[in-house]
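Take a look at the sequence and the structure below.

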Amino acid sequence: MLRLNRLTLTDFRSYAALTWRPAARISVLYGPNGTGKTNLLEALSLIVPGRGLRSARNADLPRLDGPGSWAVAARFQTQEGETIIGTGCEPGSDRRVFRLDGAAPRNQADIARIVAAVWLTPQMDRLFQEGLSGRRRFLDRLVWALEPGHAREMAAHDTAVGSRNRLLSEGRHDRAWLSGLEDSIARHAVAASAARLSLVTRLNAQIAAGAGAFPPGRIGLACPIAERLQVEPALKVEDWLRETLAANRPRDSAAGTCLLGAHRTDMRLTDVTTGTPAALASTGQQKALLIGVILAHAALIASARGFAPLLLLDEPAVHLDAERRRALWDVLIALPAQTVITGTDAETFLPLAGHAEALATGGGGLHPDGRFLRLQTDTTPVPAAL
Amino acid sequence: MGGPEVEHLIGLLSKLPGMGPRSARRAALKMLQQPESRMLPLAAALREAAEAVKPCADCGNLDSQDPCTICADEHRDRSIICVVEGVGDLWALERARVHTGLYHVLGGTLSALSGIGPEDLNIPLLLSRIAEGEVAEVILALGATVDGAATAHWLTDQIRPTGVAITRVGQGVPMGGALDVLDDGTLAAALRTRRGA
Ligand SMILES: [Zn+2]
């Protein structure tokens, strides 16, 4: 179980100070654009390490007329009891820090072990039209929610790739140093690819088992490392990668970049019923495919880790027809995930009224909508964030 | 507040590891309130240490004698050299009492992104210590970072032709982990489970 008991924002984006205690497992935030709906989703997405659902730079996060420092703190109910995760920048510093129950965590994986979050944003409507880096980020977030160590694996891989690029670009052909870095690239790339492959296999099975109103998608990896892992033991793939990287030094040096590695992976998504790749499907069909993936993922994480990830759905109803909207609400009601959904009007979400709270955004605050669920909330004063 | 002397003191203190402006201010205030019992003894200790402590010409450890206490200790096993990144790692291993041989402090790791190459590290001295012939095993106790691993790989490549055994500390050191922040038990386990490189 993972429940958000309280969220506190301090000088974050459009919010000077906000304390929100969700009154239901599903919360709908509605209002015109620019009233702070997505800012609140973004705050929640930053509770897990990473740059959040807007891939924002630190400099963009503090409130414009604020002191420059900012904080987001979330109190969760987990299997192990209550825990508070905070993130932000302290005054006079532009380095984002984390707090876990008031202390600095040893590393970000400590936080990833407690919470996971998955999101869907309108920008992802173009996920299959744009460059592969967006798809890889999407894929890696899905993997990370299942495998908290995946982010460190990828970070180490990318550091090794960057270091090798640097040596090659400086013309520093130190054979032993390069092969040391290639050894790191090989080990981390194989570990990361194996984690991706495992996620994809399990997720495809989950999608196939739960096919409903959403078109069943099938995820594929365009990645020579993952392809080899399906037919060869991991140690052999590592050896192959080490040798290939060593042989590719002149080629990579000329290209100015490393042309083989876990950073080159692409993700494909295909509609199983029609065989249409997502890249060729209509916007509405693509959205439905992606929602199907995200809902199946939430169910997979819930069964694999004992808690469902936070589901952050920014404008999910756009591009969906009435039947699919109803199906989406049904799945959200059935899933055990803490869910926050945004939209421009409350009416779209009225079918959720008995299961969700709805809050109008605006004026730097949240305003409960009486047509939706209202539970008792406590009114004890809240200490400052972080 | 307190005049330029106090600001200067706080400025110097705040640059120490683990200190920020706030803790530096607290430390300065604490000392200033008891100059005779806290501040002057500290000033004397700082001067003494600064004048007496030097890097050991053999291993790179910091000590008031040269060769350092460890290199001069006749009871230590001179056939094993444990290579560490910094003096902090050496001290951590000594605290954990897990290594009875000698040490060698590299003074960093290879880092392409920070522009630190083999020529910036204390490597020639290590190779000449090995060439003297007394050494049978070199333990590479470098952090489990990409740069630590690359450095271990590089050193293995250099040392292998000499024929001495090379082992690497690996098990139990978390990925991305530095040695000097590990607890003694983890360090001991890491050294016990070293494997051939
Ligand atoms: Zn010494």
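## A walk through the two chains

P67(B) sits in a loop of chain B, between β2 (62-63) and α4 (69-72). The model shown here is predicted.

Most peptide bonds are trans, and most residues other than glycine have a negative phi. Keep that second point in mind for the table further down.

Chain B is split into domain 1 (4-52) and domain 2 (62-196). Taken over C-alpha atoms, the centres of domain 1 of chain B and domain 2 of chain B are 33 Å apart.

Now find V87(B). This residue belongs to helix α5 (residues 87-96) of chain B.

Which residues does V87(B) touch, beyond its neighbours within four places in sequence? The contacts are N61(B), L62(B) and V105(B). Take N61(B) as one case. V87(B) and N61(B) are 26 residues apart along the chain, yet 5.8 Å separates their C-alpha atoms.

**Where the chains meet**

Chain B also touches chain A. The contact uses 11 residues from chain B and 16 residues from chain A. On the chain B side, those residues comprise 8 nonpolar, 2 polar and 1 charged.

**Chain A: an enclosed strand**

Turn to strand β3 (residues 26-30) of chain A. Why is this strand described as largely enclosed by the rest of the structure? Because 5 of its 5 residues are buried. Look at its two faces. I26(A), V28(A) and Y30(A) are buried on one side, and S27(A) and L29(A) are buried on the other.

In β12(A), A360(A) is the bridge partner of Y30(A).

**Chain A: a helix that fits its length**

Helix α4 (residues 150-169) of chain A has 20 residues. At 1.5 Å a residue, the helix should span 28 Å, and its end C-alpha atoms are 28 Å apart, so the two values agree. Of the 20 residues of α4(A), 14 are buried, so the helix is largely enclosed by the rest of the structure. Just after α4(A), G171(A) takes a positive phi of about 70°.

**Chain A: positive phi away from glycine**

Two further residues of chain A have a positive phi although neither is a glycine: D101(A) and H319(A). The table sets them out.

| Residue | Phi | Loop of chain A | C-beta atoms within 10 Å |
|---|---|---|---|
| H319(A) | about 75° | between β10 (310-313) and α10 (322-334) | 17 other C-beta atoms |

Methods:
Residues are numbered from 1 along each chain as its sequence is written. Chains are lettered from A and ligands numbered from 1 in the order in which they are written. This is a predicted model: local features need pLDDT of at least 70, side-chain atom pairs count only at pLDDT 80 or more; totals for chains, interfaces and linings use all residues. Domain bounds come from an automatic or database domain assignment. Two residues are in contact if their C-beta atoms, placed from the backbone, lie within 7 Å. Ala, Val, Leu, Ile, Met, Phe, Trp, Tyr, Cys and Pro count as nonpolar, Asp, Glu, Lys and Arg as charged, and the others, Gly among them, as polar. A residue is buried if 20 or more other C-beta atoms lie within 10 Å of its own, exposed if 12 or fewer, and partly exposed in between; C-beta atoms are placed from the backbone. Helices (H or I, at least four residues) and strands (E, at least two) are DSSP runs, numbered from the N terminus. Two strands pair if DSSP finds at least two bridges between them. The expected span of a helix is 1.5 Å times one less than its number of residues.
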